[in-house]
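Take a look at the fold below.

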Amino acid sequence: MTPPRARTWGRIGHTPVVRVRGRGSGRVSMAGMACFKPGRRSRLIYAIREYRGRKEEPKGFGWRDFRDLVVRARIQLGGPIVLVWDNVRLHLTAGMKEFIDANAEWLTVFQLPAHAPDLNPTEGIWTLVKRDLGNLAAADLGEITRAVKRRLKGIQYRPDLVDGCIAATGLSLDG
């Protein structure tokens with residue numbers, strides 16, 4: 001997750017300075033699905049991973065993590081899934097293609113064109129999350145992770161926000 005840009009203020013002639021601790025290493029990665037079914041409230045299903053720079057620790061999500069997220073979504077939603085995916089490299093791996101082919105009875109996948117974030121509803125979700133992190137002066141990576149989880153949980157309880165992100169892509173919510 002790249003840090004967002006935010007504005008601050010200070011007295012005229014005094015540049016505001018924020019001092020933070022830590023060596024600056026670490027990363028919070030997010031993966032998520034904006035889910036919609038006619039007649040039901042919209043849902044957000046997500047996963048978060050922290051990377052602290054340790055050996056043997058994965059830096060981000062692998063294709064198996066995406067597979068597990070899709071399986072978790074199927075269990076939570078209780079039905080077949082039509083997945084609209086961007087062209088992230090991990091979505092196109094051989095292992096993921098095998099998983100999709102093996103589960104074709106309940107999983108249908110459509111690939112978005114390359115470089116089309118305006119067609120991806122989850123990009124709107126990430127924008128909502130990052131907007132609140134702009135002025136966060138976190139003491140450590142755990143504080144950033146807690147803030148991200150808190151914001152994602154808040155979005156889960158506001159299906160109108162998920163609807164707005166879906167509608168912003170031009171997709172119809174009428175079914």
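Of the contacts in the protein with a separation of 6 or more, 67% join residues 24 or more positions apart; contact means heavy atoms within 4.5 Å. This is a predicted model: local features need pLDDT of at least 70, side-chain atom pairs count only at pLDDT 80 or more, and totals for chains, interfaces and linings use all residues. Residues are numbered from 1 along each chain as its sequence is written, and side-chain values use heavy atoms, with hydrogens and water left out.

The protein has five helices and four strands. Their order from the N terminus is β-β-α-β-α-β-α-α-α. Helices (H or I, at least four residues) and strands (E, at least two) are DSSP runs, numbered from the N terminus. Of the 175 residues, 32% count as buried, meaning under 20% relative accessible area (1.4 Å probe, protein chains only).

Now turn to α3, residues 121-133. Its buried residues are Pro121, Thr122, Ile125, Trp126, Leu128, Val129 and Leu133. Seen down the axis of α3, they fall within an arc of 155°, so they line one face of the helix. The arc is that of the directions from the helix axis to the C-beta atoms. What do the buried residues of α3 pack against? They pack against β1 (27-35), β2 (43-51), α4 and α5 (159-167).

Look next at α4, residues 141-156. The axes of α3 and α4 come within 10 Å and cross at roughly 130°. Axes are lines fitted to C-alpha atoms, for helices over the stretch in contact, and angles run from 0 to 180 degrees between N-to-C directions. In α3, Ile125, Trp126, Leu128, Val129, Asp132 and Leu133 meet Ala147, Val148, Arg151, Leu152 and Ile155 of α4.

Key: Buried < 20%, exposed > 50% of the residue type's maximum accessible area, 1.4 Å probe, protein only.
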